[in-house]
Amino acid sequence: MTTPNAHPMAAGHIPSYVTAADGSDFLFTFMAVFTITLILLIGVAYFTLHALPEKMAHKSNHPQFQLVGILALLALFTHNNIFWVAAILMAGFQIPDLAAPLRSIADAVRGLGREPEAPAVQGEDTPPPDEPDAPAPAQGEPVAEGH
């Protein structure tokens, strides 16, 4: 034995993973830090993966951005992968707006159905639009017509 404090029954060479007399355990400390770091990295990767459809929809200014976000949240909270797959497919492909041509046709037909406004005749009681309204003449007593 080379060290005077060693127990007489101790082996001549003690491996490094055996705890020292002061209670410090290098292997336990390393594994605790490694496990906590690994759990945090897996959590970050999991949340990043679940946010992928939302980021894709936001980047392409997708019209159904809110629906993609709702599907991603449903997948996150329910652990049903079909919601995440639906969200990523919806974010990746834009659904064509099939109602736009119908809206255009309806607007055109609505415009044809209106009657054009007749231009105002200048000799009528209405004043021309460029002149201000004249005040009505003051009347004293009503005048009987036809007498």
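**View 1. A salt bridge joins the side chains of R110 and D107 in this predicted model.** The nitrogen-to-oxygen distance is 2.9 Å; a salt bridge is a side-chain nitrogen of Lys or Arg within 4 Å of a carboxyl oxygen of Asp or Glu. Side chains of opposite charge can pair when their charged atoms come close. R110 and D107 are separated by about one helical turn because they stand 3 residues apart in helix α4, residues 99-113 (helices are DSSP runs of H or I with at least four residues, numbered from the N terminus). R110 is partly exposed at 49% relative accessibility, and D107 is partly exposed at 45% (buried means under 20% relative accessible area, exposed over 50%, partly exposed in between, with a 1.4 Å probe and protein chains only). The structure holds 1 salt bridge.

**View 2. H50 is a buried residue of helix α1.** Its relative accessible area is 11%. Leaving aside neighbours within four places in sequence, H50 is in contact (heavy atoms within 4.5 Å) with A72, A75, L76 and W84.

**View 3. A nonpolar patch lies on the surface.** Among its members are I14, Y17, V18, F26 and F30, and the patch has about 1100 Å² of accessible area in total (Shrake-Rupley method, 1.4 Å probe, only the protein chains shown counting as cover). Such a patch is made of residues with over 30% relative accessible area and no salt bridge, nonpolar side chains (Val, Leu, Ile, Met, Phe, Trp, Tyr) being joined within 5 Å. V18 lies in the segment before α1 (26-59) and is partly exposed, at 42%.

**Notes.** Residues are numbered from 1 along each chain as its sequence is written, and side-chain values use heavy atoms, without hydrogens and water. In this predicted model, local features need pLDDT of at least 70 and side-chain atom pairs count only at pLDDT 80 or more, whereas totals for chains, interfaces and linings use all residues.

Definitions and conventions
Patch = residues over 30% accessible without salt bridge, like charges linked within 9 Å, V, L, I, M, F, W, Y side chains within 5 Å. Helix = DSSP H or I, 4+ residues; strand = E, 2+ residues; numbered from the N terminus.
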